[in-house]
Amino acid sequence: MAAKELTGRVVSDKMDKTVVVAVENRVPHPKYQKIVVRTKKYKAHDDSNECKAGDIVRIRETRPLSRTKCWVVADIVGRSEKV
């Protein structure tokens, strides 16, 4: 079975070899049918510490690496514009 892949924005890179990625999911409200944005945060393993806050990354599901970390950064889709 193929591993799940998600795309999101790095919100924190303060940990060593770990980044926090926020993934937005747009779903219609069950009663009012207005589009609601739901955000979930995932901790992902970044072995080379090259992700910075604001980057758009693709994460892939993997075996549990720690108590809260079971995702790994597959690749960086876009860099942040901060200097």
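This is a predicted model: local features need pLDDT of at least 70, side-chain atom pairs count only at pLDDT 80 or more; totals for chains, interfaces and linings use all residues.

How many salt bridges does the structure hold? I get six.

Entry: Lys17 and Asp47. I looked up this pair and found their side chains in a salt bridge, 3.7 Å from N to O. Lys17 sits in the loop between strand 1 (5-12) and strand 2 (18-28), and Asp47 in the loop between strand 3 (35-45) and strand 4 (56-61), so the bridge ties together parts that are 30 residues apart in sequence. I checked accessibility too: Lys17 is partly exposed at 33%, while Asp47 comes out exposed at 52%.

Entry: Arg79 and Asp55. Here I read 3.2 Å, N to O, for the salt bridge. Arg79 belongs to the segment after strand 5 (69-78) and Asp55 to the loop between strand 3 and strand 4, so this pair links parts 24 residues apart in sequence. Is Asp55 buried or exposed? I have it as buried, because its relative accessibility is 1% and the cut-off for buried is under 20%.

Entry: Arg58 and Asp75. I found the closest N and O atoms of this salt bridge 3.1 Å apart. Arg58 is in strand 4 and Asp75 in strand 5, so the pair ties together parts 17 residues apart in sequence. I noted both as partly exposed: Arg58 at 28% and Asp75 at 31%. Which residues join them in a network? I wrote down Glu5 and Arg60, linked with Arg58 and Asp75 through salt bridges that share partners.

Key. Residues are numbered from 1 along each chain as its sequence is written. Side-chain values use heavy atoms; hydrogens and water are left out. A salt bridge is a side-chain nitrogen of Lys or Arg within 4 Å of a carboxyl oxygen of Asp or Glu. Helices (H or I, at least four residues) and strands (E, at least two) are DSSP runs, numbered from the N terminus. Buried means under 20% relative accessible area, exposed over 50%, partly exposed in between (1.4 Å probe, protein chains only).
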